[in-house]
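Hello,

Here is the structure I promised to pass on. Please open it alongside these notes.

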Amino acid sequence: MRFPPARSTCALLAALCALTTSASPPLASDPVAQAIQKRVQTFSSGAPVVVSGEALSSRTLIPEFYKQRGYHAAWTDRKDVDGLLAAIHGTDQDGLRPADYHLDALRKVLAAPPKPAPESTAEIDLLLTDALIRLAHHLAIGKVDPERLDPNWNLSRTIRKQTALDWLSSAIASRDLLSAIEALRPQRAYYRKLTRALQTYRSIRDRGGWPTLPAGTTLREGVRDPRVPPLRRRLMVTADLPGAMPADSMLFDPAVSAAVRRFQYRAFLDLDGAVGPSTARALNLPVEQRIDQIRVDLERARWVMHELPRRYVLVNVSSAVVFAMDRDSIVWRARCQVGQVARKTPVFRSQMKYLVFNPDWTVPPGILNRDILPALRRGEPVLQRKGLKVIDRNGRVVNPSTVRWPSSAKNLPYTIRQDPGPKNALGQVKFMFPNRHNVYLHDTPSKDLFEHSRRTFSSGCIRVERPLDLAEWVLDDRSKWNARGIRTVVETGKLTTVMLKEPLPVLLLYWTVNIDDQGLVRFSDDVYDRDAPVLRALDAPYRPVLRQGAR
């Protein structure tokens, strides 16, 4: 059974509100059932229901669940109780907080001598059920509501026919609760690799972390320096430098240089094998920060990794890498350039519908307002320099010297356009997926910028390295749109639009932890400072978050 995924925690809770209760039936005959029924009925008053000092949060699902079973206790088998406790402890491997699932209260009431009073049994039963519901929510759709952090978020998921109520009933009835809970986790290889990485870095933390490299000048191969021994120890801790400490540990030998390059690769730095300021800064980041990065990306994985399509294009904005995905495999990848910090590439999902070879470029309003119009008002020859034309509403080219340039594109009765060609800002191809941000993937004449380790250069769009290779994969028609066929169209220099046989999903995501094909954990910079809000929400005590109108 799968817990029904939804757009966010809010959406799931709002959906569960549809499971409204009817008029209260007569009290059950069993004393424990009577006690459960009385407690459950207090939900309808809107008053908080507190059990063993813990507020129950499942205000709709709990009443429906117990009503369905005649208010009889659900947790009559100790194996189920132990399975739930084990699952709660296991959430630590997911980067979640076991305390969010009533762990301390459950430990206390379960360790206490049994009380004969039906009310005591009823309270324990309710607490266990609420803990399971919370846990299921978090594993299936995440603890943090991404829409509260990012208004651009639109990676929605619909609730399946298998409702939350059905899952809850069947999971408890299965007598294999651990397996039912395990099925809620994303079943993708990346998620499993992240959990292993979290375990690895927590082990490093528990062994004392890694040493700090003292400040100083750049270290490179051939130098002998008292900072090389701590550098060696630092690289050994993360298995970048194998072997033991040599007799001449202060020598920056070829083995150290190779280890530094391996570390630089894992930190998305230039692979020069020298320890300059950027590499030293990355080496000295505390292990707790790396642990937090992994926890944040585990949460992001729970947001999106339950219902991925078979074929899709994935852009990781943080590491500036674009992937072609088929099922759970990366079949193609390339570097890309993403938005500057002041012009961030948004995170969202869309459907690619067509490609344009030899595209022209109509300058969008944002770039007009920020770059083009200010330069024109200063009298700079920006149009000539970039090969831009001024087009009126009748499609006629206008002499720019006759135009009185406004301060805003809203008041501009012209289109600023760049013809296809080698200097065109979009290069030889653009990949179009409708979205309100006017963001898409495209080629670029600025090839040299791909060599930078940090590639935040665009105004929000994604500039793709080797875009014609991506076009071949996207079009998925080897008889017509193979490499030779694509090159033939490009060489005509004519604007050519090609519709896809069916829309192809495009996911623009932001993850700062990457794991390569060899299992190496790579950490990219949080270039847009998006990790901290997720981490704060992840570490905050549990509280249900409802949309306006939800109960």
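**Overall picture**

Of the 551 residues in the protein chain, 53% count as buried. Buried means under 20% relative accessible area, exposed means over 50%, and partly exposed is in between (1.4 Å probe, protein chains only). This is a predicted model: local features need pLDDT of at least 70, side-chain atom pairs count only at pLDDT 80 or more, and totals for chains, interfaces and linings use all residues. Residues are numbered from 1 along each chain as its sequence is written, and side-chain values use heavy atoms, with hydrogens and water left out.

The protein chain has 19 helices and 17 strands. Both are DSSP runs, numbered from the N terminus: helices are H or I with at least four residues, strands are E with at least two. Along the principal axes, the C-alpha atoms fill a box of roughly 90 × 75 × 50 Å. Take the contacts in the protein chain with a separation of 6 or more: residues 24 or more positions apart account for 72% of them. A contact means heavy atoms within 4.5 Å.

**Helix α12**

Start with α12, residues 254-266. The expected span of a helix is 1.5 Å times one less than its number of residues. For the 13 residues of α12 that gives 18 Å, and the end C-alpha atoms are 18 Å apart, which agrees.

Which residues of α12 are buried? They are V256, S257, A259, V260, F263, Q264 and R266. An α-helix has 3.6 residues a turn, so residues three or four places apart point the same way. The buried residues of α12 pack against α10 (189-206), α11 (228-237), α13 (277-284) and β17 (521-523).

Now the ends. D253 caps the N-terminal end of α12. One of its side-chain oxygens lies 3.2 Å from the backbone nitrogen of A255. That is judged as a polar contact: a pair of N or O atoms within 3.5 Å; within protein, one must be able to donate a hydrogen and the other to accept it, and residues adjacent in sequence count only if both atoms are side-chain atoms. After α12 comes F268, with a positive phi near 55°. The charged end of R522 sits over the ring of F268, 3.8 Å from its centre. The test here is NZ of Lys or CZ of Arg within 6 Å of the ring centre and within 35 degrees of the ring normal. K430 does likewise: its charged end sits over the ring of Y440, 5.7 Å from the centre.

**Aromatic pairs**

The structure holds eight aromatic pairs. Rings of Phe, Tyr and Trp (its six-membered ring) pair if their centres lie within 6.5 Å; planes under 30 degrees apart count as stacked, over 60 as edge-to-face and the rest as tilted. F65 and Y66 have ring centres 5.0 Å apart and planes at 75°, so this pair is edge-to-face. F65 is buried at 1% relative accessible area, and Y66 is buried at 0%.

F357 and W481 are stacked, 5.8 Å centre to centre with 25° between the planes. This pair links distant parts of the chain, 124 residues apart. F357 is in strand β6 (residues 348-357), while W481 is in the loop between α17 (467-475) and α18 (483-492). F357 is buried at 0%, and W481 is buried at 10%. Ring pairs also link Y201, W210 and F523 into a cluster.

**Cysteines**

How many disulfides does the whole structure have? A search finds zero, a disulfide being a pair of cysteine sulfur atoms within 2.5 Å. The sulfur of C336 is 12 Å from the closest cysteine sulfur, in C461, too far for a bond. C336 is buried at 0%, and C461 is buried at 14%.

**Loops to look at**

Most residues other than glycine have a negative phi. Y71 is not a glycine, yet has a positive phi of about 65°. Y71 lies in the loop between α3 (61-68) and α4 (78-90) and is buried at 7%. R466, also not a glycine, has a positive phi of about 55°. R466 lies in the loop between β14 (462-464) and α17 and is partly exposed at 38%.

Last, D529. It is in the loop between β17 and α19 (531-539) and is exposed at 60%. D529 and V341 are 188 residues apart in sequence, but 9.4 Å apart in space, C-alpha to C-alpha.

Best wishes
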